[in-house]
Amino acid sequence: MKRLENKTLFQHLDKTIASVLFEENTYPWEVLPKISDFILEVGMLLSKDEYEEVKEHVWVSKTAVVAPTAYIAGPAIIGPEAEIRHCAFIRGNAIVGEKAVVGNSTELKNVILFDRVQVPHYNYVGDSILGYKSHMGAGSITSNVKSDKKLVEIKMDDYRIETRMKKVGAILGDHVEVGCGSILNPGSIVGRHTNIYPLSSVRGYVSEHSIYKNQNEIVTKDEF
């Protein structure tokens, strides 16, 4: 279970404005229901010299670059030097970290993107947390609801951990690389410094420092 804890998955807690949420909770899925209230509480305290409330409950850093065609619903915080590109769709409950990139036609909902995260091309990221410097290749998405609509479980080895939530997308640790066209199924957790091959379908927990080729072929980077 320690492999699933916030302190294991995210070793750069100083790289998100929401660090207190991870410090006060043991597991990342426990953070997801608290994002909205956190944004509303912290947003009111942000420096007016550094942030502008561009519309109700949407705080954007004055150094962020937001395309005029992007749409941002509140509550949301867009961090310093973040880049929100053409036709990005941020549906609310979103924290976008410093120097993060939200790209063309990318959709976000109930997410925390740590600093320098990149979701730059046609991505859907919902009910998910992406750790420091993680990157999702073009067309890769998080699936946040099971097809049978049952509550999401976290699967690790022979364990099944109940989240008691219907919507849980993916949790990416620091420095995770997700290949183009991949699907991260509900409750997927990927450990730090792991690479996911393009066109993969990921379920359950993938160990840190791994290369995920398919469900039956996961190798450690130390083998190379």
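How many residues lie between strand 15 and strand 16 in their hairpin? In this predicted model, two residues separate the strands, and Asp 157 in the turn has a positive phi of about 55°. Strand 15 spans residues 153-156 and strand 16 spans residues 159-162. The two run antiparallel and are joined by four bridges. One of the pairings links Glu 153 to Glu 162 in strand 16.

Asp 157 also takes part in a salt bridge. Its partner is Arg 3, with the closest N and O atoms 2.9 Å apart. Asp 157 sits in the loop between strand 15 and strand 16, whereas Arg 3 belongs to the segment before helix 1 (6-9), so the pair ties together parts that are 154 residues apart in sequence. Asp 157 is exposed, at a relative accessible area of 55%. Arg 3 is partly exposed, at 35%.

The salt bridges number seven. Among them is the pair Glu 83 and Arg 85, whose closest N and O atoms are 3.0 Å apart. Glu 83 is partly exposed at 31% relative accessibility, and Arg 85 is partly exposed at 29%. Another pair is Glu 217 and Lys 213, with a closest N to O distance of 3.7 Å. Here too both residues are partly exposed: Glu 217 has a relative accessibility of 35%, and Lys 213 has a relative accessible area of 24%.

Helix 3 (residues 35-43) has a buried side. Its buried residues are Ile 35, Ser 36, Phe 38, Ile 39, Val 42 and Gly 43.

Strand 2 (residues 58-61) contains Trp 59. Trp 59 is buried, with a relative accessible area of 4%. Its contacts beyond four places in sequence include Ile 39 and Gly 43, both buried residues of helix 3. Trp 59 also touches Ala 76, Ile 77 and Ile 78, among others. Gly 79 is 20 residues from Trp 59 in sequence, but the two C-alpha atoms are 8.5 Å apart.

The largest nonpolar core comprises 66 residues. Val 96 and Ile 112 have the most contacts inside it. Beyond its neighbours within four places in sequence, Val 96 contacts residues including Ile 77, Ile 78, Ile 90, Val 102 and Leu 113. Ile 77 and Ile 78 are also touched by Trp 59.

Definitions and conventions:
Residues numbered from 1 in each chain as written. Predicted model: local features only at pLDDT ≥ 70, side-chain atom pairs only at ≥ 80, totals over all residues. Heavy atoms only, no water. Buried < 20%, exposed > 50% of the residue type's maximum accessible area, 1.4 Å probe, protein only. Contact = heavy atoms within 4.5 Å. Core = buried A, V, L, I, M, F, W, Y, C linked by side-chain atoms within 4.5 Å. Pairing = 2+ DSSP bridges. Salt bridge = Lys/Arg side-chain N within 4 Å of Asp/Glu carboxyl O.
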